[in-house]
Amino acid sequence: MKYFWDTLMDAELETDILGWQCISGSLPDGLELERLDSPEVQGSKFNPEGEYVWHCLPELARLPTDWIHHPWDMPDNVLKVSGVEVEVSYPRPIIGIDLARERLTEDSQGVGNGSSCKGCKPECNHGKKGLIWNIIQAKKESINLEPREKEDETSWKVTARSATKDKSLVSSSLTTSKQQNSTPLVTALKASAEQNAATFHFPGHNRGRAAPNSITELIGSKPFLHDLPELPELDNLFSPEGPILNAQQQAAKLFGSLETWFLVGGTTCGIQAAIMATCSPGDILVLPRNSHISAVSALKLSGAVPKFIIPDYNSDWNIAVGVEMAIKELEKEGQKAAAVFITSPTYHGICSNLSEITQLCHSHGIPVIVDEAHGAHLGFHPHMPSSAIQQGADIAVQSTHKVLCSLTQSSMLHLSGTLVDREKISRCIQTLQSSSPSYLLLASLDAARAQISEDPETIFDKALQLAIEARNMLRKTTGISVLDVTSFPKFPAIDPLRLTIGFRQLGLSGFEADEILYKDHDIICELVETQSITFVITLGTCREHVQKLVSGIQHLAAASPSSCAAKMKVDGDNLAPFADIKTSLIPRDAFFSGKMREYRKQLGRGL
């Protein structure tokens, strides 16, 4: 019971607990509230049958917080819908959990009784539309009405561990300031790290007490203090019910998904989970031949059969992007793809027309998975391309650590629509993720989401302005080319925060130009290729560094002698990849085969 109030309901004062006890009937009127060190024992004194709030009314945790903290102010009809009829059978809970769920589910579907609400105007439509539905709309809150499985008593007892008995810990964990509500996981991690407890759990550095000096001299001891395991108050990544669930729900709301999962194995983990959840052994996955290695490893894990698509290739830039849909070709062969995998945006920021692709795939009942590792920032600003979820993708996996500001290796998987089984996605993520996730990574995802939530429509204004200024100045630089969407006319947009610069006219490869910029100007890029270099503008980019970048490239161009034009240029015309694809084995079979034995076998067939 205490765990329920502390974690799920986030009650602020012990008087809130008293209020819920009175309403639920687990504490008769006039009885002084005792400390809840042994809730199962204390509760049984007043309700021998064990019908506590924990067992009867977990849905109440989804109500607006002002009524959670002041339940005595809640209208009777709200209590009734939630499963408590005070005037009928007080002080005992009047219905069981199943009926409470049924009422809440009916209400969420708009099954109202047409009656007016206490404290509302006569013209209110709560009874017509569903009481809690209207409450949530008015409060601009979200409510999860999906029935939860009843937890067994043993698992609940383990959760309410003795470390939470400390009065100061209870007080800190019940604090509900605006800042803490906006970052539930960060807040929980902070409160847990600050407790004055004797700790006998992993990791071995014991909250930094035995942290190696060589690393504390570099980053200090605070990262170790907050490097905690899956303690009860920090929730469970595989079965979240507290701050992780809250943080993921807030992320889903921000990114516009039906559900969001936090990933500590990077976007690689999310792509593998997405493909495994949609493709069984022998199923066909349509994907471009230049997909990320995580997609290829997912083919090995799932046993899916790849239907490779030849990407569009631009020899001037030596860049391959995009897809040509193979659905009709499969139909002619009497086959159907289990899923279609798209990379958008690419490393260079080139975006596919996902709206057309998803519309085509959905008309055939095929889910679309988007590797959106480089696009977690898309869709928040009117001058940016729309995100994959906004364009109808069923699954989008984003590297929150790239352009957004979480820690490296932390990502999110967003699910939308009904074509993909969310339970299967969840199981696949559990299969691939660590059972000992880093709470520093998880909390950084929560913090990055909150950072964007503060002002999503303007937070990228500065970065966009810097990128535009840099692009305009570089376009005026003789001998320098700037990649834009006109280089790939089949694609509708390019990420304005990516600057891909070509040096071909100077007779320099991307590698040669990068070496000059690094050694002579202390400029570090994101990606180096044969004919270009890609730079990324982020929320952390400052004007001074952009000026240094532009100045360095201008100096490089001016310092290149005219004779450079006569040098042998890197010719990409004859380097077009993927000209012909012949598959002898699916990736899974190839992975588990003896490589030399299979190679000799194919040689014997003429390969």
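Buried residues have under 20% relative accessible area, exposed residues over 50%, and partly exposed residues lie in between (1.4 Å probe, protein chains only). The close-ups below come from a predicted model, in which local features need pLDDT of at least 70 and side-chain atom pairs count only at pLDDT 80 or more, while totals for chains, interfaces and linings use all residues. Residues are numbered from 1 along each chain as its sequence is written, and side-chain values use heavy atoms, with hydrogens and water left out.

**View 1. Cysteines Cys351 and Cys542.** Cys542 is partly exposed, at a relative accessible area of 25%. Cys351 has 5% relative accessibility and therefore counts as buried. With a disulfide taken as a pair of cysteine sulfur atoms within 2.5 Å, the structure has 0 disulfides.

**View 2. The aromatic pair Phe255 and Phe380.** Rings of Phe, Tyr and Trp (its six-membered ring) pair if their centres lie within 6.5 Å; planes under 30 degrees apart are stacked, over 60 edge-to-face, and the rest tilted. The structure holds 2 such aromatic pairs. In one of them, the ring centres of Phe255 and Phe380 are 5.5 Å apart and the planes stand at 70 degrees, so the arrangement is edge-to-face. Phe255 belongs to helix α17 (residues 243-255) and Phe380 to the loop between β8 (368-371) and β9 (395-398), so the contact ties together parts 125 residues apart in sequence. Helices (H or I, at least four residues) and strands (E, at least two) are DSSP runs, numbered from the N terminus. Both Phe255 and Phe380 are buried.

**View 3. The aromatic pair Phe591 and Phe592.** Here the ring centres of Phe591 and Phe592 lie 5.0 Å apart with planes at 90 degrees, so this pair is edge-to-face. Phe591 is partly exposed, at 44% relative accessible area, whereas Phe592 is exposed, at 61%.

**View 4. Arg289 over the ring of Phe308.** The charged end of Arg289 sits over the Phe308 ring, 4.7 Å from the ring centre. The criterion is NZ of Lys or CZ of Arg within 6 Å of the ring centre and within 35 degrees of the ring normal.

View 5. In β13 (residues 498-502), 5 of 5 residues are buried. Arg498, Thr500 and Gly502 lie on one side, Leu499 and Ile501 on the other, and both faces are covered. Strands pair if DSSP finds at least two bridges between them. β13 runs antiparallel to β11 (residues 481-482) over 2 bridges, and antiparallel to β15 (residues 532-536) over 5 bridges. Ile501 is the bridge partner of Val482 and stands opposite Ile533 in β15.
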